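Have the model open while you read.

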Amino acid sequence: MSAPIVERFGRCAVVTGASDGIGRATAIELAKAGFDLVLVARRLVALDQLASELRSRYGVRCTTLSIDLAQPQAATHLLNATADHDVGLLVAAAGYGRAGPFVASDVDEELGMVDVNCRAVVGMTHGFARRFCERNRGAIVLFSSLVGWQGAPYSAVYAASKAFVQSFAEALGHELATTPVKVLACAPGPVATGFAHRAGMVMGKTDSAEAIAHAIVGSLGRTGTLVPGFLGKLLTYALSTLPRWLRVRIMAGIMHGMWSNGTRVTSIEGHGVTRLSS
């Protein structure tokens, strides 16, 4: 399977949020498939450790880049740093989120979330999509979420940012439908990425980051929306039968439970928590 995938898209894959969670798991799956990797996150030590493991285990080339995607020039920095790489795949797994009432939040954190989840995604996607169109091959994987199907009280901006990504991916996929460049939106449900444990929560059943990553790599070459994992599929389809106002109320209960235990989630990288505060 590995050779055809690499030949179809290009030798190198860029994975943001690669230090943890779904981003890390996807990087591992891509290395198994034979891709060289550019691993991107803020935590360089974690990236270097992963790169060393992937080089040793799979014999692939790995470049690590410490980039804070909340910074205005982050996308430009990434594009410049990868100019000489044969990049054929972008997996934009980095994300930023928090739980709590919007009016009580730090507005700079909320705006930073928009920068990482929306602004950086647009900047990276624009640059790589142009490259892929010029070389007549490539694929882009963007991350929406189960929470993006409706408003999610107590995580209002995060859910809205994921709705933005979903809409953006759908539209871009249609625009590029006549080209060989594929755009896949990945919309997972609850995933075991260390989120619940580190936040002191009991999340209950989850899909694994490894299962999500396996589904993503298996879906490369598709344009559309991937709902990976058994639980993600179950919850998505169950919620889809309900009116939007009821879905909002259900999400309010879920997100209020996350917030009201006293731990505030302030940063998620690769959809695994990297910083918590009480």
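Two strands pair if DSSP finds at least two bridges between them. By that rule, S5 and strand S6 (residues 181-186) are a pair: they run parallel and share six bridges. Keep in mind that this is a predicted model.

**The sheet**

Zooming out, seven strands make up an open sheet, ordered S3-S2-S1-S4-S5-S6-S9, with parallel pairing. Strand S3 (62-66) and strand S9 (224-226) sit at the edges, each pairing on one side only. On average, neighbouring strands of this sheet are turned by 20° against each other, direction ignored.

| Strand pair | Sense | Bridges |
|---|---|---|
| S2 and S3 | parallel | five bridges |
| S4 and S5 | parallel | four bridges |
| S5 and S6 | parallel | six bridges |

Moving over to S6, Cys186 is the bridge partner of Phe143.

How many residues of S5 are buried? Six of the six are, so the strand is largely enclosed by the rest of the structure. In a regular strand the side chains alternate between the two faces of the sheet. You can follow this in S5, where Gly138, Ile140 and Leu142 are on one side and Ala139, Val141 and Phe143 on the other, and both faces are covered.

The chain gets from S4 to S5 by way of H5, in a right-handed β-α-β crossover. From S5 the chain goes on through H6 to S6, and this β-α-β crossover is right-handed too.

Helix H2 (residues 21-32) lies across several strands: strand S1 (12-16), S2, strand S4 (87-92) and strand S5 (138-143). Relative to S1, H2 runs at about 170°.

**Aromatic pairs in the helices**

Which aromatic rings pair up? The whole structure has two aromatic pairs. In one of them, the rings of Phe128 and Phe132 have centres 6.0 Å apart and planes at 35°, so the pair is tilted. Both residues belong to helix H5 (residues 107-135), and they are four residues apart, about one turn of the helix. Phe128 is buried, at 0% relative accessibility, and Phe132 is buried at 0% as well.

The other pair, Phe164 and Phe168, is stacked, with 6.1 Å centre to centre and 20° between the planes. These two lie in helix H6 (residues 156-175), four residues apart, again about one turn of the helix. Is Phe164 buried or partly exposed? It counts as partly exposed, because its relative accessibility is 35% and buried means under 20%.

**Cysteines**

There are zero disulfides in the structure. Cys62 is in none; the nearest cysteine sulfur, that of Cys12, is 8.9 Å away, whereas a disulfide needs the sulfur atoms within 2.5 Å.

Notes
Residues are numbered from 1 along each chain as its sequence is written. This is a predicted model: local features need pLDDT of at least 70, side-chain atom pairs count only at pLDDT 80 or more; totals for chains, interfaces and linings use all residues. Side-chain values use heavy atoms; hydrogens and water are left out. Rings of Phe, Tyr and Trp (its six-membered ring) pair if their centres lie within 6.5 Å; planes under 30 degrees apart count as stacked, over 60 as edge-to-face and the rest as tilted. Buried means under 20% relative accessible area, exposed over 50%, partly exposed in between (1.4 Å probe, protein chains only). Axes are lines fitted to C-alpha atoms, for helices over the stretch in contact, and angles run from 0 to 180 degrees between N-to-C directions. Contact means heavy atoms within 4.5 Å. A crossover is right-handed if, with the strands pointing away from the viewer, the path from the first strand over the helix to the second runs clockwise.
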